[in-house]
Amino acid sequence: MLKELFTKTTKKKKYATIPSETAKQDVPEGIMTKCPSCKKIMYTKELVKNLKVCFHCGFHHQMNSKERIDSFVDLGSFEELNNGMISGNPLDFPDYEDKLEKDRLKTNLNEAVVTGTGSIDGLNVVVAIMDASFRMGSMGSVVGEKITLAIEKADELKVPFIIFTASGGARMQEGVLSLMQMAKTSAALKRFSDHGGLIISIMTHPTTGGVSASFASLGDYNFAEPGALIGFAGRRIIEQTIREELPEDFQTSEFLLKHGQLDAVVSRSDLRETIASILEIHQPGGINRWQEI
Amino acid sequence: MAGDLEFEKPVVELRKKISELRDYTQNTDMDLSAEIEKLEARLEKLENEIYENIKPWDRVQIARHPERPTSLDYISKLFTDFFECHGDRVFGDDEAIVGGIAKYHGLPVTVIGHQRGKDTKENIRRNFGMPHPEGYRKALRLMKQAEKFRRPIICFIDTKGAYPGKAAEERGQSEAIARNLFEMAGLKVPVVCIVIGEGGSGGALALGVGNHIHMLENSTYSVISPEGAASILWRDASQAKKAAETMRITAPDLKELGVVDEIIPEARGGAHRDLEKQVQAIDQTLLASLKSLSGYSEEEIIDHRYKKYKLIGQYSSLNEYIGVN
Ligand SMILES: [Zn+2]
């Protein structure tokens, strides 16, 4: 019901919002997009068709949860779970509720993660997709709880759990409750894993702080999109602490691969196929079939 | 032919002579067919003499042959849908070991192997197939994953040894090898190991605690390289040939010592002479191995492995002489 309320409001307000800073720049927002990497300008529609990967330099533009679902899950198979859940203001943080409200209107989402059931190449999964356009994808009680419920759903259905991470980390406005979501989600993954559940984590730009230090890193398979920023502490804090300049590629997907943290860096165009093939290999029952060969 | 080894030179020279004679007859009226026939008979005899009488040191040379097929050569031919997994999730991704998931005759498996390079550039990247601790930790991570998802594990062994370096010691080379022996002993899924080249000491064994250990005919497996043994035993690395004979490092030796289950035959002169045939030979042994291990329960498969290693070793007891048990 709440969702309906918000959706309605959103629809009304969606086109009435004042153009943002970026929109006022040299490129007309919406129709054209300027690649932040190679600075070339291209049609947004074409870019979206190309999974938001730059035609010229291969830069992976951020995807929102809707775009991700459309491009990753089998057409029409996605059914959302718990989408009406919204955050409270446990610490009575000033302006927090306003900020949430603003982001709900801006993004047409109720929180920074969308979860649901669906299929990839016909194989059933539960999928959770974080959306950095809502509060920078930060994790508060709702994000933690929705992800935990999604893991429990995967456990109940005995299907793999796939998560796309995109997050600035813990949500400061929810204080220690936010911190504890790291433990809650990790505990759910541990239980699911002990039941033999398959966990696939796909880290997208940016995956940092408490999210990288919990479920994002706990996949049986950890993947990342090219060029994503992934790390625990912020670059500036590290530089200040160690009084050293960090290498250019520090905390990128490629840096993590080199340092043993990822199974592979997978470009968006290969992602669906790669995940489908891994799901296929993990179809249960193989161990009992050797005699049949 | 490029890459001919010292011991097979007489064969190579005779073969060359025959082909020269053939070329010659094509441009002349002289009939040399009787002569050629005689030489061919001699060649066959010589081949039999040399290849059926391969000395341990010759096998060492074959096992080290730069063109000898590597883990990835066999992986790409034996399996489908191979997906390589990188990293130990701790420190790095050691390219001296490759591993991942794949399908073998349509069923899921985890496959891991030491990986040498084919040229200097690749060899530098892969550290000549000599792993650091992170290589062994990656391998263990993939084995635990195989156990979780209940698929058999296949290991290809092909290394001169674990890398003897400063960084390797700092990060716990010993611990990494020891941990693999410990954890592999407890794996609840079948583990089949195949020595495809050199089996160099602990660095090889760290992928080698299996239910079955097979060896390609010309591969070697030893506690130390022949050069190393010679330098320790006789303070003279040039005695490597003698050490190779003394140390009993060939597949037939190890079969006799009860370490190895099956010897997988190679093409004449070595696996590099006929990759397709080698793949077929491995396939036959590997499939039979996995089939025979597939009926075991989790407990039984661990017990089977335990008993295999329990049986290795030779000793007697003084108690027999003094009449006590
Ligand atoms: Zn670009």
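Chain B contains 15 helices and eight strands, where helices (H or I, at least four residues) and strands (E, at least two) are DSSP runs numbered from the N terminus. Please keep in mind that this is a predicted model, in which local features need pLDDT of at least 70, side-chain atom pairs count only at pLDDT 80 or more, and totals for chains, interfaces and linings use all residues. Residues are numbered from 1 along each chain as its sequence is written, chains are lettered from A and ligands numbered from 1 in the order in which they are written, and side-chain values use heavy atoms, with hydrogens and water left out.

Let us stay with chain B for a moment. Its C-alpha atoms fill a box of roughly 75 × 60 × 45 Å along the principal axes. Of its 325 residues, 52% are buried; buried means under 20% relative accessible area, exposed over 50%, and partly exposed in between, with a 1.4 Å probe and protein chains only.

Now for the metal site in chain A. The zinc ion is held by the SG atoms of C35(A), C38(A), C54(A) and C57(A), at 2.2 to 2.4 Å. Donors here are N, O and S atoms within 2.8 Å of the metal (3.2 Å for Na, K and Ca), and water is not among the atoms, so sites may look incomplete. Along the sequence, the donor residues follow the spacing C-x2-C-x15-C-x2-C.

What about disulfides? The structure has zero of them over all chains, a disulfide being a pair of cysteine sulfur atoms within 2.5 Å. C193(B), for instance, is in no disulfide, and the nearest cysteine sulfur, that of C155(B), is 4.7 Å away. C193(B) counts as buried because its relative accessibility is 0%.

The whole structure has one cavity of 30 Å³ or more. The largest cavity has a volume of about 40 Å³, and its lining includes M63(A), R68(A), I129(A) and F164(A). Elements giving two or more residues to that lining are α3 (65-72), β5 and β6 (161-167) of chain A.

Finally, a few backbone details. A cis peptide bond, with omega about -15°, joins H205(A) and P206(A), and P206(A) sits in strand β7 (residues 199-208) of chain A. D121(A), though not a glycine, has a positive phi of about 50°; D121(A) belongs to the loop between β4 (113-120) and β5 of chain A and is exposed, at 53% relative accessible area. In chain B, N127(B) also has a positive phi, near 50°. N127(B) is in the loop between α5 (120-125) and α6 (133-148) of chain B and counts as buried, at 18% relative accessibility.

Methods:
1 Å grid on protein atoms, 1.4 Å probe; cavity = no way out; pocket = protein on both sides within 12 Å on 5 of 7 lines; lining within 4 Å. Points joined across faces, edges and corners; volume = space filled by probe spheres on them.
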